[in-house]
Amino acid sequence: MSFMKLITACAMALAIAAPSAHAAPKKAAAKPAAAQNEPESSVSGRTATNYACELGNKITIYSSADDGNSIVMRWKNRLHRLTREATSTGAQRFENKIAGLIWIGIPAKGMLLDSKVNRQLANECKTSDQALGL
């Protein structure tokens with residue numbers, strides 16, 4: 001192959017591979033709806049329960065008597081919807097598999113776990129009544 005044919009072939013390959021200057025810009029891929037923050041309106045009609053945790057962490061759980069299978073949790077200024085998972089111990093376990101969040105509630109306290117990195121995010125989370133031993 002001559003040198004000119006090689007340069008022409010490379011130029012054509014680049015022209016095909018490069019996006020057109022006239023093409024519409026591509027939009028960023030949207031996150032799945034479950035991975036996005038829940039809008040503030042999703043907590044309307046739900047009862048808020050505030051938890052104070054060790055190391056100054058705070059969690060708010062929004063629950064509804066009409067929906068015992070899910071909660072909305074405010075953690076680090078973000079809302080996450082978690083769904084109930086069955087347990088054999090009677091503990092309340094809610095999970096958001098996409099975010100990797102697991103909330104476990106027992107009568108004495110609650111804890112938040114990150115299943116993606118296998119560590120605790122918040123422990124000794126207590127409502128004001130739990131902190132008083134009620």
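## A first look at the chain and its side-chain links

The protein chain has 2 helices and 8 strands. Keep in mind that this is a predicted model. Starting at the N terminus, the order of elements is α-β-β-β-β-β-β-β-β-α. Of the chain's 134 residues, 31% count as buried. The chain exposes about 9400 Å², and 58% of that comes from carbon and sulfur atoms. What share of the contacts with a separation of 6 or more comes from residues 24 or more positions apart? The figure is 28%.

**The disulfide**

Let's begin with the cysteines. In general terms, a disulfide is a covalent bond between the sulfur atoms of two cysteines. The count here comes to 1 disulfide, and the bond joins Cys53 to Cys125, with an S to S distance of 2.1 Å. This pair links distant parts of the chain: Cys53 sits in the loop between strand E1 (47–52) and strand E2 (58–64), while Cys125 belongs to strand E8, and the two are 72 residues apart. Are these cysteines buried or exposed? Both Cys53 and Cys125 are buried. As for handedness, the torsion about the S-S bond of Cys53 and Cys125 is about 110°, so the disulfide is right-handed.

**The aromatic pair**

Next come the rings. A pair of aromatic rings is described by the distance of the centres and the angle of the planes. The count comes to 1 aromatic pair. Its members are Tyr51 and Trp103, whose ring centres lie 5.1 Å apart with the planes at 65°; planes over 60 degrees apart count as edge-to-face, so that is what this pair is. Tyr51 lies in strand E1 and Trp103 in strand E6 (residues 101–106), so the pair ties together parts that are 52 residues apart in sequence. Both Tyr51 and Trp103 are buried.

Tyr51 turns up again in the surroundings of Thr127. Leaving aside residues up to four places away in sequence, Thr127 touches Thr49, Asn50 and Tyr51. Where does Thr127 lie? Its place is the loop between strand E8 (119–125) and helix H2 (128–131). Thr127 has a relative accessible area of 15%, and buried means under 20%, so Thr127 counts as buried.

**Salt bridges**

Now for the charged side chains. Side chains of opposite charge can pair when their charged atoms come close. How many salt bridges does a search of the whole structure find? The search finds 4 salt bridges, including the ones in this table.

| Salt bridge | Closest N to O distance |
|---|---|
| Glu95 and Arg93 | 3.2 Å |
| Glu124 and Lys126 | 3.8 Å |

Take the Glu95 and Arg93 bridge in the table. Glu95 is buried, at 12% relative accessibility, whereas Arg93 is partly exposed, at 24%.

Which residues are linked in a network of salt bridges? They are Lys109, Glu124 and Lys126.

Finally, a word about the backbone. Most residues other than glycine have a negative phi, and most peptide bonds are trans. Glu124 is not a glycine, yet its phi is positive, at about 55°. This is the Glu124 of the salt-bridge network, in strand E8.

Lys76 also has a positive phi, near 55°, and is a residue other than glycine. Where does Lys76 lie? Look in the loop between strand E3 (67–75) and strand E4 (78–85). At 55% relative accessibility, Lys76 counts as exposed, because exposed means over 50%. The charged end of Lys76 sits over the ring of Trp75, 5.0 Å from the ring's centre.

Note on methods. Residues numbered from 1 in each chain as written. Predicted model: local features only at pLDDT ≥ 70, side-chain atom pairs only at ≥ 80, totals over all residues. Heavy atoms only, no water. Helix = DSSP H or I, 4+ residues; strand = E, 2+ residues; numbered from the N terminus. Buried < 20%, exposed > 50% of the residue type's maximum accessible area, 1.4 Å probe, protein only. Contact = heavy atoms within 4.5 Å. Salt bridge = Lys/Arg side-chain N within 4 Å of Asp/Glu carboxyl O. Disulfide = S-S within 2.5 Å. Phe/Tyr/Trp six-rings, centres within 6.5 Å; stacked < 30°, edge-to-face > 60°. Lys NZ or Arg CZ within 6 Å of the ring centre and 35° of its normal. Areas by Shrake-Rupley, 256 points an atom, 1.4 Å probe, with all protein chains shown as cover.
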